[in-house]
Structure formats: C-alpha cells, structure tokens
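Hi everyone, thanks for making time for this. I'd like to walk you through one structure today, so please have a look at the screen.

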Amino acid sequence: MSSHPDLRPETLAVSLGRPPRTPGAPLNVSPVMASTYVGAHDTAAATTLGYGRDGNDTWTALEDVLGALGRGRALTFASGMAAASAVLEQLAPGGTIVLPSSCYLGVAALVQSRAEKFGWTVRTVDVADTEAVLTAADGADLVWLESPTNPLMEVADLPAIGAALRGRVRTVVDNTFASALVQRPLEHGFDVVVESGTKFVGGHSDLLLGALTVRPDADADDLFADLAAVRHDSGAIPGTMEAWLALRGVRTMPLRVRAAQDSAATLAARLAGHPAVSRVRHPSLPDDPGHARAAATMDGFGSLLSIDLADAGTAERFIDGCALWTHATSLGSVESTFERRRRWSAELPVVPEGLVRLSVGVEHVEDLWRDLEQSLDQL
Ligand SMILES: *Cc1c(COP(=O)(O)O)cnc(C)c1O
C-alpha cells in the first residue's frame with residue numbers, strides 16, 4: 001500500500017517491510033507460523049486475522065516492499081501461475097482476451113484450456129506491433145501482455161499501449177522478465193502487473209512465489225478487493241517460509257538485477273561477434289529490433305538473452321561443452337543458467353530449434369564469457 005515517491009528502488013528494497021523501530025525490537029519480520037489466530041467476538045472487524053488464509057504479517061512485509069517497487073499495491077500468491085490464474089478468473093465465460101503470440105508457455109496453456117472450457121475468444125498479437133495490439137484490444141475484455149517476451153525478447157511499447165487503453169479495457173502485463181527494477185507498467189496506466197517471484201525476487205532458485213501489483217488509484221479498489229478475495233477463496237496463498245525467504249531475497253534484488261543486466265549486455269555484444277552464433281536476441285544490441293524502444297522505456301535491458309545456433313544438435317553440444325553454466329529452466333537467479341527452449345514439446349514453432357535462452361547470474365562476467373567462448377569455439 002505504501003507510496004514513497006521520494007525513495008529510490010535500492011532504498012525501498014532495504015528499508016520497507018520492517019517491524020516498528022522500538023528499542024529491543026528485531027530488525028527483521030519473523031516467519032509467522034500460524035494457521036489460526038485468537039478469535040474476536042466481532043468477526044466483521046476487518047483488522048482481525050482469524051485464519052491462515054486471511055493474511056499473515058510475513059506476507060504483508062513482502063507486499064509492502066513489492067508494492068512500493070512496482071508503484072502500486074501488491075498481493076502475494078503461492079506461485080506466479082497462481083497469481084496469473086487469479087487475474088484470469090476475472091474473465092467471464094464468453095469473454096475475449098488478447099494474448100501475445102509468443103509468451104510464457106504456462107500462461108498460454110492455461111488460457112488455451114480455459115478458453116475451451118469457458119468459450120473465450122483468444123486474439124493473439126505480436127506485442128511489438130503497437131497498432132496490432134490496439135486493434136485487437138478493440139471490444140476485448142482483457143489485454144494480457146508480456147515484454148520482453150519469452151524467449152524471443154520482443155519489446156512492446158508499454159507507455160503507448162498503456163496510455164491508449166487506460167479505462168477502455170482491463171490490462172495486464174506479465175513483468176517477470178524485466179522485474180519492477182527495470183520497468184513499472186502501472187506507471188503507464190496498466191491495471192495489473194503479474195510477476196513470478198520465483199525468479200528475480202527470490203533470486204536463489206529455492207522457492208516458488210507469485211505477486212500481483214495493482215494500480216494505487218481509487219478506481220482500482222474493486223479490482224484489488226476481487227483479486228484478494230480470489231486468493232482467499234481459492235487458497236492460492238504463499239507459504240510463510242517462502243514469503244520470508246523472498247523478503248530476504250528482495251533486499252538484494254536491485255544489486256543482483258543491475259549486476260546481471262550489465263553482464264548480459266557485455267555477453268550479448270561478445271556473442272554477437274562469434275562466428276558460431278547466427279543471431280543474438282537482446283535489446284541492448286544497437287541492431288536489435290527492440291533496442292530503441294527498450295532504451296526509451298526501460299531502465300536497462302534485462303538479464304535474459306537468446307542466441308540462435310545452427311540447429312538442435314549444435315545447441316545441445318554447446319550446452320554440454322560448458323562447465324560453469326547450468327543447464328536448467330527458470331531464470332533470474334544468482335547462478336547463470338541456459339536451455340534450448342525447443343526441448344519442450346509445447347514450445348512454439350516460431351522459436352528456432354537451435355535457440356538457447358540464457359539467464360545471466362551474478363558470477364564474474366569474464367568467467368561466464370570464458371566458459372561460453374571455449375564451448376562455442378569447439379562447435
Ligand atoms: C516463471 C514464469 C511464470 C510462472 O511463474 P511460477 O512462479 O513458475 O508459477 C509466469 N510468467 C513468466 C514470464 C515466467 O517466467
């Protein structure tokens with residue numbers, strides 16, 4: 001709920017979500033392990049917690065930080081997909097949703113299955129084509145965007161789209177790839193931001209968590225209440241220990257994100273110069289289709305990039321030839337990971353067979369480069 005326009009993200013991440021400063025108080029909120037709370041006779045008193053699904057002080061501390069970073073008010077969930085489901089729950093049977101033609105596979109699959117069950121119309125768009133997005137949004141009930149997209153790294157013009165659609169249609173951005181440190185869609189008029197806290201917020205590959213951030217304005221009060229009610233009623237609540245670990249993680253998130261995206265830009269430039277790499281997809285590169293737009297609308301270019309190698313076999317040999325990088329899915333952690341995306345049968349055919357997505361961590365960039373380079377040299 002907090003709004004601290006005068007404090008910078010590094011400061012917000014460290015200073016919010018703390019117990020009141022009284023002598024003898026701990027600096028950190030503890031994990032509150034409680035399924036039930038002492039009862040009140042007046043159950044209508046909204047401030048009283050009764051049961052573990054109603055709320056938890058450890059979630060609240062994390063939500064104070066995430067809300068401030070995203071310039072809205074946050075609700076944490078059991079996972080990114082639980083948060084995404086709560087938003088999709090708002091779309092009535094027969095409704096129309098706009099979805100990126102290439103986006104996070106879990107979201108695409110969930111929308112597809114619900115569309116069949118509830119008679120939704122799904123309009124897919126290239127998020128980088130602003131005109132196409134606005135045309136598809138006409139008469140739709142929900143516009144779901146992702147930028148940069150997974151794993152093709154296409155960049156949407158979020159300021160233009162947010163300004164054009166505000167108040168006309170419910171709008172959502174999956175901001176997992178960028179994180180609130182790199183872009184804040186609520187500031188551009190989007191209604192809801194979805195984030196998989198499993199990635200940059202947690203940052204250590206040891207938990208699953210999700211978050212929704214909703215615009216702070218009064219006209220979004222009902223939406224916030226609806227989403228909180230879905231979390232409560234569906235039981236998609238975060239675990240206390242997960243919330244506590246994520247709160248520990250978010251303290252260093254600005255440092256981690258900055259280090260990782262600096263290294264990602266260095267690696268992108270060097271990879272682009274290697275003869276075994278036919279294409280590097282990262283908006284830091286001057287000839288990337290998303291470069292000018294990302295430079296104008298994002299605080300940095302993010303720490304995910306993709307490279308195109310000749311074919312699936314070449315990509316597998318490249319992965320096997322590296323020792324420091326870990327072959328694993330997911331992203332946004334301290335350790336660098338990579339994967340050939342088409343190893344997943346559900347991955348879209350527009351993604352090349354030889355595409356490898358890299359999630360750059362916080363190891364020394366020269367060590368990361370040496371590992372990649374020696375494997376590329378052997379292809
Ligand atoms: C990981 C991810 C999700 C899903 O989050 P979980 O925490 O794994 O449920 C959604 N969107 C994007 C872009 C992701 O990377």
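Let's begin on the inside: of the 33 residues in the largest nonpolar core, which touch the most other members? Please keep in mind that what you see is a predicted model. The answer is Leu-62, Leu-66, Leu-247, Val-250 and Met-253. H2 gives the most, with seven residues.

Where does this core sit relative to the domains? Domain 1 covers 9-39 plus 52-251, and domain 2 covers 253-378. Both give residues to the core, so it lies between them.

Let's stay with Met-253 for a moment. Setting aside neighbours within four places in sequence, Met-253 is in contact with Ser-179, Leu-181, Glu-195, Phe-200 and Val-201. There is also a second, separate core, this one of 30 residues, and Leu-88, Trp-144, Leu-223 and Phe-224 are among them.

Now to the sheets. Seven strands form an open sheet with mixed pairing, and the order is E1-E7-E6-E5-E4-E2-E3. E1 and strand E3, residues 121-125, each have a single partner strand, so one side of each has no neighbour in the sheet. On average, neighbouring strands here are turned by 20° against each other, direction ignored.

Let me zoom in on E1, residues 73-77. How many of its five residues are buried? Five of the five are, and the strand is mostly covered. As a reminder, in a regular strand the side chains alternate between the two faces of the sheet. In E1, Arg-73, Leu-75 and Phe-77 point one way, while Ala-74 and Thr-76 point the other way, and all are buried. E1 runs antiparallel to E7, with five bridges joining them. In E7, Leu-212 is the bridge partner of Leu-75.

Further along the sheet, strand E4, residues 142-146, pairs with strand E5, residues 170-174, in the parallel sense over five bridges. There, Val-143 stands opposite Thr-171 in E5.

Next, the loop between E4 and helix H6, residues 158-165, where Pro-148 is found. A bit of background first: most residues other than glycine have a negative phi, and most peptide bonds are trans. In this model, a cis peptide bond joins Ser-147 and Pro-148, with omega at about -10°. Another cis peptide bond joins Asn-150 and Pro-151, with omega also about -10°. Pro-151 is found in the loop between E4 and H6 too. And Met-153 lies in that loop, with a positive phi near 65°. Is Met-153 buried or exposed? Its relative accessibility is 3%, so Met-153 counts as buried.

Ser-179, one of the contacts of Met-253, also has a positive phi, near 80°. Ser-179 lies in the loop between E5 and E6, and at 0% relative accessibility it counts as buried.

Which residue does UniProt list for "modified residue: N6-(pyridoxal phosphate)lysine"? The record, an unreviewed entry, lists Lys-199. In the model, Lys-199 lies in the loop between strand E6, residues 192-196, and strand E7, residues 210-214. Lys-199 has a relative accessible area of 9%, so it is buried. Leaving out neighbours within four places in sequence, Lys-199 is in contact with Thr-176, Ser-330, Leu-331 and Gly-332.

Last stop: the other sheet. Five strands form an open sheet in the order E8-E9-E12-E11-E10, again with mixed pairing. Its edge strands are E8, residues 279-281, and E10, residues 326-327, each pairing on one side only. E10 runs parallel to strand E11, residues 337-340, and two bridges join them. His-327 stands opposite Phe-338 in E11. Finally, helix H11, residues 312-320, lies across strand E9, residues 304-308, E10, E11 and strand E12, residues 355-359, running at about 160° to E11.

That's my tour, and I'm happy to go back to any part of it.

Methods. Residues numbered from 1 in each chain as written. Predicted model: local features only at pLDDT ≥ 70, side-chain atom pairs only at ≥ 80, totals over all residues. Heavy atoms only, no water. UniProt positions renumbered as here; feature names shortened; annotations may be inferred. Helix = DSSP H or I, 4+ residues; strand = E, 2+ residues; numbered from the N terminus. Buried < 20%, exposed > 50% of the residue type's maximum accessible area, 1.4 Å probe, protein only. Contact = heavy atoms within 4.5 Å. Core = buried A, V, L, I, M, F, W, Y, C linked by side-chain atoms within 4.5 Å. Domains from an automatic or database assignment. Pairing = 2+ DSSP bridges. Axes fitted to C-alpha atoms, helices over the stretch in contact; angles between N-to-C directions.
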